[in-house]
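Please open the model in a viewer and keep the selection panel at hand. The stops below are meant to be followed in order.

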Amino acid sequence: MTPNATRATALMRALHAGLEGDGDAIRDLCTEDVKAWTPALSASSLTELVTEWDRRDHAFSDIGVEVAPLDVGGDYACAEWSVTMTHTGPLTLAGGEVVEPTGARITVNGATVAEFRGDRICSLRQYWDELGVFEQIGLMAGDEA
């Protein structure tokens, strides 16, 4: 496999592992000093990243993901993705408020950029609209025009 194909595969595996909470896969795919940022977490080491993913609540189930690699070149890989999931468990917000399950089926679209050192991810950035999740489970007031 070419380095670009290997990196595209590694990024797709990392995205799936993050959604599934697969710490072993993350450990295999990332460097010890990996830096990661998403709207929901920030980590500056592999230990921190795995710990952050382990702390996730289990507010969503029936998770499906579609990943489309966009560009892989040099030390970088980029992918767009779409995640669908159902709100089936309590969701704890940053202020400690708990949102009880709504049963809503939601879709989140986003993009991930990964930087590689050799064949392992050393930097990972994800972008998505976190407020879109809140809108779909009914936390945001609709337009009242």
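A residue is called buried under 20% relative accessible area and exposed over 50%, with partly exposed in between. The model on display is predicted. By the rule above, Asp-75 is partly exposed, because its relative accessible area is 39%.

**First stop: Arg-7 and Asp-75**

Arg-7 is buried, at a relative accessible area of 12%, whereas Asp-75 is partly exposed.

**Second stop: Leu-15**

Remain in helix 1, which covers residues 3-20, and select Leu-15. Is Leu-15 buried or exposed? With a relative accessible area of 7%, Leu-15 is buried. Now display its surroundings. Leaving aside residues up to four places away in sequence, Leu-15 touches Val-67, Ala-79, Trp-81, Thr-112 and Gln-126. Select Val-65 as well: its C-alpha lies 8.8 Å from that of Leu-15, although 50 residues separate the two in sequence.

Next, select Asp-33 and Arg-117, whose side chains meet in a salt bridge with an N to O distance of 3.1 Å. Asp-33 lies in strand 1 (residues 30-37) and Arg-117 in strand 7 (residues 105-117), so this pair ties together parts that are 84 residues apart in sequence. Asp-33 is partly exposed, with a relative accessible area of 35%. Arg-117 is partly exposed too, at 46%.

The side chains of Asp-62 and Arg-105 meet in a salt bridge at 3.3 Å, N to O. Asp-62 is exposed, with a relative accessible area of 54%, while Arg-105 is partly exposed at 42%. How many salt bridges does the count come to? The count comes to four.

How many disulfides does a search of the whole structure find? The search finds zero. A disulfide requires two cysteine sulfur atoms within 2.5 Å. The cysteine sulfur closest to that of Cys-78 belongs to Cys-122 and is 15 Å away, which is too far for a bond. For Cys-122, the closest cysteine sulfur is in Cys-30, and the distance of 9.2 Å is again too far for a bond. Cys-78 is partly exposed, with a relative accessible area of 21%, whereas Cys-122 is buried at 9%.

**Last stop: a nonpolar patch**

Finally, switch to a surface display and select Leu-131, Leu-139 and Met-140. These residues form a nonpolar patch on the surface, and together they have about 240 Å² of accessible area. Leu-139 is partly exposed, with a relative accessible area of 35%.

Key:
Residues numbered from 1 in each chain as written. Predicted model: local features only at pLDDT ≥ 70, side-chain atom pairs only at ≥ 80, totals over all residues. Heavy atoms only, no water. Buried < 20%, exposed > 50% of the residue type's maximum accessible area, 1.4 Å probe, protein only. Helix = DSSP H or I, 4+ residues; strand = E, 2+ residues; numbered from the N terminus. Contact = heavy atoms within 4.5 Å. Patch = residues over 30% accessible without salt bridge, like charges linked within 9 Å, V, L, I, M, F, W, Y side chains within 5 Å. Areas by Shrake-Rupley, 256 points an atom, 1.4 Å probe, with all protein chains shown as cover.
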